Amino acid sequence: MRTYHLETLGSLDGIVARDTARRPEPGPRDLVVRMRTVSLNRRDLLILDGRYPLKATPDTIPLSDGAGEVVAVGEEVTRFSVGDRVTSTYFPRWLDGRITPALIDQPGVTLPGMLAEYVRLDQDAAVAVPDHLTWEEAAALPCAGVTAWNAVTGGAEPVLPGETVLILGTGAVALFAVSFAKALGAEVVATTSAPAKAERLKALGADHVVNYTQNPAWWRDVRELTDGRGADLVVETGGPETVEQSVRAAALYGRIALVAANSPHRTSLEISTDALGSALVTLRRLFVGSRAHFERMNRAITLHALHPPVDRVFGFGHDEVRNAYAYYATGAAFGKVVIRIA
């Protein structure tokens, strides 16, 4: 079988392919999964550059997100059978409740990742794929999908029908959040810098789209669209670049789900006393979610027949894998960048 490894960090040249004679064998509680697709996330670029908060295990197999078919199971496995379609989970040991430092390991950085023809997963680290999704769509779920679901539903006050949800940008988390918020009955306001993307956001369910390039003080537009009340929930994906405006755009008792907390340009979150003086907002930091979040999300995806947007699909050859990374790094994608393995 073929696997890819992060042999060295810092450039695409460090991603190398290796071929071995046989696939892995399952342990008593393991699944062996023939991978069909994997997808890229921003954290994968940070890991490659050596800037991710967790230090990568030397020579690790990259990527956290993938989907495939179970081809072998250990004798103690009860959750899945040969032939089942499964995805990986972002935190293999975080099943439910709150995360703790003991549960922080992740595929593609401290654990072997998904960029391989076959992977071995503990049965607890897998989730069933919704039947209506393609392999390419299924690979989009573990990181961006679960993060968006947690942002919209995981706080003390989940989104209620009729509330207003503000979603920043057109990254994969934001696109999932648009679909989820709309499915929950919210009025959705999205932001973008591109008129062409505005129409695609509306097709996903956004009721209003604000162009933040044309309107640099876009929080005023959000308040105008909500008759001065502001957004009940802000899915904050810009971090230091946008958090000040997110506070100004939020309702008096608004909630802010802080997905991104870092920036190449700023090293801290700065919120002026003027902005805080007129708001009683709750800011909640989150990082993807548990297996329980994932399973609840999949029930909603199935109920509403949602389809994650996929921007572009690359092949499994050495040059194509590197090209997938390079294309994703441009930031041009609207939806997930996927590598098709089989």
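How do strands E8 and E9 pair, in the parallel or the antiparallel sense, and over how many bridges? I looked this up: E8 (residues 164-167) and E9 pair in the parallel sense over four bridges. Pairing requires at least two bridges found by DSSP. Val-165 stands opposite Val-188 in E9.

I noted the ground rules. The model is predicted, with local features needing pLDDT of at least 70, side-chain atom pairs pLDDT 80 or more, and totals for chains, interfaces and linings using all residues. Residues are numbered from 1 along each chain as its sequence is written, and side-chain values use heavy atoms, without hydrogens and water.

I checked burial of E9 (residues 187-192). Five of its six residues are buried, so the strand is largely enclosed by the rest of the structure. Buried means under 20% relative accessible area (1.4 Å probe, protein chains only).

Next, I took helices H3 (residues 141-153) and H4 (residues 172-183). They pack at about 50°, axes 8 Å apart. H3 contributes Leu-141, Ala-144, Gly-145, Thr-147, Ala-148, Trp-149 and Val-152 to the contact. From H4 come Ala-172, Val-173, Phe-176, Ala-177, Phe-180 and Ala-181. Contact means heavy atoms within 4.5 Å. I found 11 nonpolar residues there, two polar and no charged.

Last, I looked at Ala-260, in the loop between strand E12 (250-258) and helix H8 (273-277). At 14% relative accessibility, Ala-260 counts as buried. Ala-260 touches Glu-236, Thr-237, Gly-238, Gly-239 and Arg-285, leaving out residues up to four places away in sequence.

Technical notes
Axes are lines fitted to C-alpha atoms, for helices over the stretch in contact, and angles run from 0 to 180 degrees between N-to-C directions. Helices (H or I, at least four residues) and strands (E, at least two) are DSSP runs, numbered from the N terminus. Ala, Val, Leu, Ile, Met, Phe, Trp, Tyr, Cys and Pro count as nonpolar, Asp, Glu, Lys and Arg as charged, and the others, Gly among them, as polar. Buried means under 20% relative accessible area, exposed over 50%, partly exposed in between (1.4 Å probe, protein chains only).
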